[in-house]
Structures are given as C-alpha cells and as structure tokens.
Amino acid sequence: MNLAELLARSASTFGDRPAIYVGSHRWCNYDVLHNRSARIAGWLRQDLGLDRGDRVALVLQNCPEYVELLFACWHAGLTTVPINSRLHPRELHYILTQSGARACFVSP
C-alpha cells in the first residue's frame with residue numbers, strides 16, 4: 001500500500017477533522033491536506049518532470065509543508081530522501097551527491 005492511499009482514505013472518512021496543528025492553530029484538515037498533496041504531486045511530475053522512483057531530497061525544518069511534500073512525493077510515486085536540516089553544508093553536499101536526488105526542497 002502506498003502511504004498516499006492512507007491519506008486519501010483518511011480524507012474520505014475524516015475529511016473535515018484536523019490533520020495538522022501548528023501550536024494551537026489548526027493549519028488544515030485531512031481533505032485539504034490530501035488535495036494540496038495531490039496538486040503538489042502533479043506539479044512534481046508534470047512541471048519538474050520527475051518520474052516514478054526518482055529521488056527527492058527534503059532538507060526542511062519541522063513544518064506543515066514537510067508533511068505536504070512527503071505525501072506529495074508518495075502520491076507521485078517518488079522516493080524521498082529526508083535529510084537533517086542542521087547538518088554542515090559539506091555533509092549536505094555529500095548526501096545530495098550520493099543520493100542521486102533530482103530535486104531538493106529546503107527550509108528558508
């Protein structure tokens with residue numbers, strides 16, 4: 001089972017329930033998270049030209065966008081390469097070079 005299918009099921013069953021909170025602020029529900037992730041997945045495949053199995057590096061701090069991108073990658077059939085955002089630039093360079101990632105998303 002693709003983990004994106006789990007989100008789709010959650011969206012159809014619990015669509016209006018909270019999915020992500022930032023502190024005490026409700027950031028989105030399951031339906032919104034599913035729709036955003038699906039749109040991002042389409043963008044990754046169509047606009048960035050990524051194919052199933054391609055690797056996408058995620059060098060993000062703990063944020064809602066990380067969850068969106070993670071599910072979007074799974075939805076698009078991509079492989080994620082989660083990387084600790086606190087690594088030294090040399091370590092990041094090594095991982096990115098060795099992982100074969102075709103795209104990389106970072107926190108500001």
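How many bridges join β3 to β4, and in which sense do these strands run? Four bridges join the two strands, which run parallel. The model described here is predicted.

**The open sheet**

- Three strands make up an open sheet, and their order is β4-β3-β5 with parallel pairing.
- The edge positions are held by β4 and β5 (103–106); each has a single partner strand, so one side of each is left without a neighbour in the sheet.
- On average, neighbouring strands of this sheet are turned by 25 degrees against each other, with direction ignored.
- In general, strands of a sheet pair through backbone hydrogen bonds, either parallel or antiparallel.

- Strand β1 (residues 18–22) pairs with strand β2 (residues 25–29) in the antiparallel sense, over four bridges.
- Across this pairing, Y21 stands opposite R26 in β2.
- Two residues lie between β1 and β2 in the hairpin, and G23 in the turn has a positive phi of about 65 degrees.

**Packing of α1 against α2**

- Helix α1 (residues 3–14) packs with helix α2 (residues 30–46) at an angle of about 145 degrees, and their axes are 8 Å apart.
- The crossing in which α1 passes α2 is left-handed.
- From α1, the residues L7, A8, S10, A11 and F14 make the contact, while α2 contributes Y30, D31, L33, H34 and S37.
- By class, the residues of this contact between α1 and α2 comprise six nonpolar, three polar and one charged.

**Packing of α2 against α3**

- Helix α3 (residues 64–76) and α2 have axes that come within 8 Å and cross at roughly 60 degrees.
- At that angle, α2 and α3 are therefore oblique to each other.
- The α2–α3 crossing is right-handed.
- On the α2 side the contact is made by L33, R36, S37, A38, I40, A41, L44 and R45, and on the α3 side by V67, E68, L69, F71, A72, C73, H75 and A76.
- The residues of the contact of α2 with α3 divide into eleven nonpolar, two polar and three charged.

**Packing of α1 against α3**

- The axes of α1 and α3 cross at roughly 110 degrees and come within 7 Å.
- This angle makes α1 roughly perpendicular to α3.
- In this contact, L3, A4 and L7 in α1 meet F71, W74 and H75 in α3.
- The α1–α3 contact residues divide into five nonpolar, one polar and no charged.

- Residue T80 is part of strand β4 (residues 79–82).
- T80 has a relative accessibility of 17%, and it counts as buried because the cut-off for that class is under 20%.
- Leaving aside residues up to four places away in sequence, T80 touches V56, L58, L70, C73 and W74.

**Surroundings of Q61**

- Residue Q61 is located in the loop between β3 (55–59) and α3.
- Leaving aside residues up to four places away in sequence, Q61 touches Y66, S85 and S107.
- Q61 and I83 are 22 residues apart along the chain, and their C-alpha atoms are separated by 9.7 Å.

How values were computed:
Residues are numbered from 1 along each chain as its sequence is written. This is a predicted model: local features need pLDDT of at least 70, side-chain atom pairs count only at pLDDT 80 or more; totals for chains, interfaces and linings use all residues. Side-chain values use heavy atoms; hydrogens and water are left out. Axes are lines fitted to C-alpha atoms, for helices over the stretch in contact, and angles run from 0 to 180 degrees between N-to-C directions. A crossing is left-handed if the near helix is turned anticlockwise from the far one by less than a right angle, and right-handed if clockwise. Contact means heavy atoms within 4.5 Å. Ala, Val, Leu, Ile, Met, Phe, Trp, Tyr, Cys and Pro count as nonpolar, Asp, Glu, Lys and Arg as charged, and the others, Gly among them, as polar. Angles under 35 degrees count as roughly parallel, over 145 as roughly antiparallel, 65 to 115 as roughly perpendicular and the rest as oblique. Two strands pair if DSSP finds at least two bridges between them. Buried means under 20% relative accessible area, exposed over 50%, partly exposed in between (1.4 Å probe, protein chains only).
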